[in-house]
Number of protein chains: 4
Amino acid sequence: MTTVLGSPERVTSEPAQGVGVAVVGAGYWGPNLIRNFAQLGDARVVAVCDQQPQRLQTIARRYPSVALTTDFSDMLADPAVEAVAIATPVSSHATLARQALLAGKHVLIEKPMTASVADAEMLVDLACQRRLTLMVDHTFIYTGAVQRIKQLVATEELGDLYYYDSVRVSLGAFQQDVSVVWDLAAHDLSIIDYIVPAKAQRISALAAAHFPGGVADVAYLTLQFDNNLIAHFHVNWLSPVKVRQVLIGGNRRMVLYDDIEPTEKVKVYDRGVLWTNDPSDLRRTVNVAYRLGDMYAPRLDQTEALEVECAHFIDCVRSGSTPQSDGEAGLRVVRLLAAAEQSLRDDGRPQVLSR
Amino acid sequence: MTTVLGSPERVTSEPAQGVGVAVVGAGYWGPNLIRNFAQLGDARVVAVCDQQPQRLQTIARRYPSVALTTDFSDMLADPAVEAVAIATPVSSHATLARQALLAGKHVLIEKPMTASVADAEMLVDLACQRRLTLMVDHTFIYTGAVQRIKQLVATEELGDLYYYDSVRVSLGAFQQDVSVVWDLAAHDLSIIDYIVPAKAQRISALAAAHFPGGVADVAYLTLQFDNNLIAHFHVNWLSPVKVRQVLIGGNRRMVLYDDIEPTEKVKVYDRGVLWTNDPSDLRRTVNVAYRLGDMYAPRLDQTEALEVECAHFIDCVRSGSTPQSDGEAGLRVVRLLAAAEQSLRDDGRPQVLSR
Amino acid sequence: MTTVLGSPERVTSEPAQGVGVAVVGAGYWGPNLIRNFAQLGDARVVAVCDQQPQRLQTIARRYPSVALTTDFSDMLADPAVEAVAIATPVSSHATLARQALLAGKHVLIEKPMTASVADAEMLVDLACQRRLTLMVDHTFIYTGAVQRIKQLVATEELGDLYYYDSVRVSLGAFQQDVSVVWDLAAHDLSIIDYIVPAKAQRISALAAAHFPGGVADVAYLTLQFDNNLIAHFHVNWLSPVKVRQVLIGGNRRMVLYDDIEPTEKVKVYDRGVLWTNDPSDLRRTVNVAYRLGDMYAPRLDQTEALEVECAHFIDCVRSGSTPQSDGEAGLRVVRLLAAAEQSLRDDGRPQVLSR
Amino acid sequence: MTTVLGSPERVTSEPAQGVGVAVVGAGYWGPNLIRNFAQLGDARVVAVCDQQPQRLQTIARRYPSVALTTDFSDMLADPAVEAVAIATPVSSHATLARQALLAGKHVLIEKPMTASVADAEMLVDLACQRRLTLMVDHTFIYTGAVQRIKQLVATEELGDLYYYDSVRVSLGAFQQDVSVVWDLAAHDLSIIDYIVPAKAQRISALAAAHFPGGVADVAYLTLQFDNNLIAHFHVNWLSPVKVRQVLIGGNRRMVLYDDIEPTEKVKVYDRGVLWTNDPSDLRRTVNVAYRLGDMYAPRLDQTEALEVECAHFIDCVRSGSTPQSDGEAGLRVVRLLAAAEQSLRDDGRPQVLSR
């Protein structure tokens, strides 16, 4: 048989160009990182590390030219590895990222960045000292939907914000070491951190755990801001139906962001309340009128968020520019998660967030 | 022209049968009560009272044989009035209901029953002493949907309850004297009070008000129960879209109650989590499996809830039996509302509910 | 008891102003006409006629001052009756309308106008001769949704039309003398007749009847136009779910009109195909690109269509202007229905529509 | 770096087990076939053929061990190729499949099987003579949804069928040589052929083409059966929204199959009409009652249809058993498509389908 493209070997052994990326953790999320980095023109997946050999075997079948190892130090010793993407359990993030930074590698960490504020601060400082790129995998901020909502807020199309209400519920996937707060709410806190410029003053959280020895599987978080903006997050691993919905109310326009919708994920409503309270009116009556205008659903960039994110990471590594989800963003989210956990331990009492 | 049915007068002057009902308050809700009592076979609307004459004029056009007055005492003096339905602002409920009970009339009060716990207790006591029917207009518990969900809980088809999550949001209708908690959450607290036999131990609430001089227009309430059951309520007058959705998770089955759906309002999911935590396992691993079975949407009674409720009120008046939404139910809901308000004043700190 | 508004009699016996309307047929639709005419400021419902006395009794209870009769001629003899609204079975429309016009009354007829083209032509001629208003109850063209779609077509916002696809299916309500074509498709043909200025050239129809002695309960109609515009109608009395959906494709924009949606009934999509067929290209390849822009849902007038329509009828009666759904529109729809029926008898063969 | 799994070469060079499959056509659909055959335990993708070298290059990057060629005869000459999957334009199906069968290879062909009835008959005969497996890629019949609906029909849970109504519309993807009928309706005809045991007697079709030199892009097909069953298919490349919906009405139950729904794709409604036509009734009145029972959505097998199908093909190749979508099924669908095309040319006149 004529193989018109020459031998397969020659085809795959492209000249080693692009940033050399290693991925540690080949469980649920790691393969997605591998697939996206492998598709980029200016990156190469040079190594994958996991403690379970059978996972590496699966990777080997799909990516035969990638070096595979169970030894992380070994991987760090490889000079072809310029950047490390960490997709392991949260408890291991800080140790692995620290080792990688000390070895002079740029680092991308799955969310949440670390399991403690101290660890997150340590990584931020270390990356700063070594002048290495530190980025957190806040995937959702790289979606066309969130990018568009950020723009709606930044251009004041929504006006002053009244509330931000988020629901992220479905059946599974239970984590063993991390509660639904650290798992699911991390997504939503990274989104609001990206979209809303104001800084919350207090956070409260209530939750319930329904299995012996299990972590919280249903939780409600509330953020309170200076200007009466209230943000609320419902995260739940025990819902029979999948809901991924955010409502944002502003005094000019309001947004419904429904991530389950296949195409019209973001709807902008020209609806609101006109409220007139005449101070000279002794009866203190209030006149309320409703504005009911058009709705529109802007066309969104449909590129896979992880593809955008991986390309952005490589770009930051090469140019030295600051990632949209840099270590500081990761740290801010970890601070919110830690304060929420403190509120849970404190029976839901609001925790003041330091400036 | 031959009028085959005789003179219209003769047709309308039916023999005065059925319980004589008077309605006080002909604003938004009163006309619905009038219409439903007027359609019942064993009740008659004999009088309507409102302070605004133009409202009475509208009633006169549709119900020419009903006596109209702006004087409540006058109405109570009419011996044809056996029962009074109160559809006035909340702040006036206690005074009007007390007068009616003292005049020997049975009473139906729009929700919430009163603006304070003391007033609610006073009315319950008074009705008890006078052996008069006291019922609260907890409309939703008379819907086919809520009746069916109560049955699903009572027959243990859902099993032990994990959570009850309710969202009731839309644009308007702003109240001037009552916050969104007393307005909208009153509905949801009456529903859970009817469906869930357990008694909550603590209630927390957080809210925001966005207009000068205005009451809270967005609020989140959380009820915590003994057995890790958590209930949560999102009420909001500022949502661009209307959502009326309840998720109930049980260890056997789960329910989605979507009141916006025209027909399939209640969906029962045979879905859940199988959780095994082997205590002898030193590594403390947890095995989680998911049960993904069929969903079914039971056929529901489509009768208008207010029609069922008005008929039930008349039946209780005649038979002396206890209404499903009696004064005690109204009192329980007012207690929850008052405790939620206390939590709001107390920065969201949980309030212990007395037994 | 003080009756502040004076005796109810005085309140209801307003000075007899407005056009005197009589309604014949008090079954399913008649009461809706009565209710809407009764609410208008410049019309009065003076009489109602039906062959079933128990139906009149129901009317008497709600409208005690209206004259009631089982004798249509009797009703026509009443000089207070200036206009007659006909809401009887289709087979009786022509006879009743002819009598009314001969008696000098203006006429509003429920759709479809008549059971035959000859009858429709007769009524149009008669009304023209007598200079009386003849209007057909094409209710849907008076909705905010259809009004808006007509505007989108008229202003060429949609561009040249590619297709018009309509689905109107639900369970029931079976008619005994009229097939699903004359019942449901009459609605859709009246809508397209109102919206689309072009005239169809051919009509085809296929249907099925599933009950012994029954009429067609599922049918498909197709209209073909000169310029490759194709219109298609699916009507079905046997669907387990209710669908009321129209898709309209134009070369500039496309519309989804979903009448089940509570608020966003009309969605306008900036989507389409860019097609370039280079005639000089010997390989005759075609380049297709897709335009995927924003969607918007315009705010619609929410007034009940029948209220708009009844007011429009009264206005036409008073001013002598031509109704939007005049006898000619009714005739055009009957012509389409009759041709569709001919196609059904002819095994679905297309019928040429005369100019 | 230690590569714990040995050299990647060793890992991928598994012992050559399983049926050797070659795929011809690496455009849109071919890569899906390659991916699924590659994942199967008892099959191996040994070769891929395409006329465009750059497509082969893409394949090479992902599947480095697969032989690549632009010469189909070359591929057939390879003894490692036991079966050929054809994913090329329809016009080439017959020639390629014939060559493959003559070379002793089992064949899987993308739908529609061929562009003419004669070609389809030729392939069926040839495969029969050579005792080779001939299967058509009617993907949808291997979905959990269609499998379940077939079962609902086969067990008579739906009862006698009234109608089958299908809508398959979206924007794109335009074909250049094949109309929307041969492209999209081929799916639906393969589904009804699989589900409904009865044989249609007549087929009608109407369509429109909206681009110069273009094929039909909107079409309506109707199948009529002996027992008043009517089936209808709406296919459209110009819809702004994606709809994939089938309604099936039976006298016991009715089904809504919505392929866009993420999980509850099949809903079974216990709804229907009770029709009594008393023959002794001289007035010929008909009594209609509605049955409005529960709805349920059965849990469906979520396995990717193409995975099920590829495994089934390999199983049939090995065991010699007849595929569910064998050449005869492909031929039946091609016969319907050809008759529909004849009806299009004949202005929509129904074409009698030979027994």
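**The sheet and the chain contact**

Q: In what order do the strands of the open sheet in chain C run?
A: In this predicted model, the open sheet of chain C has 6 strands in the order 3-2-1-4-5-6, and their pairing is parallel.

Q: Which strands stand at the edges?
A: Strand 3 (67-69) and strand 6 (134-137) of chain C do; each has a single partner strand, so one side of each lacks a neighbour in the sheet.

Q: How many bridges join strand 2 to strand 3 of chain C?
A: Strand 2 (residues 43-49) and strand 3 of chain C run parallel and are joined by 3 bridges. C:Val48, for instance, has C:Leu68 in strand 3 of chain C as its bridge partner.

Q: What lies across strand 2 of chain C?
A: Helix 2 (residues 30-39) of chain C lies across strand 1 (19-24), strand 2 and strand 4 (83-86) of chain C, at about 155° to strand 2 of chain C. Helix 5 (residues 93-102) of chain C also packs on the sheet, where it touches strand 1, strand 4 and strand 5 (106-110) of chain C. The direction of helix 5 makes about 170° with that of strand 5 of chain C.

Q: Changing topic: how many residues does the contact take from chain D and from chain C?
A: It takes 45 residues from chain D and 45 residues from chain C.

Q: Which element of chain D gives the most to the side that touches chain C?
A: Strand 11 of chain D does, with 6 residues.

Q: How do the residues on that side of chain D divide?
A: They divide into 25 nonpolar, 15 polar and 5 charged.

Methods: Residues numbered from 1 in each chain as written. Chains lettered and ligands numbered in written order. Predicted model: local features only at pLDDT ≥ 70, side-chain atom pairs only at ≥ 80, totals over all residues. Contact = placed C-beta atoms within 7 Å. Helix = DSSP H or I, 4+ residues; strand = E, 2+ residues; numbered from the N terminus. Nonpolar A, V, L, I, M, F, W, Y, C, P; charged D, E, K, R; others polar. Pairing = 2+ DSSP bridges. Axes fitted to C-alpha atoms, helices over the stretch in contact; angles between N-to-C directions.
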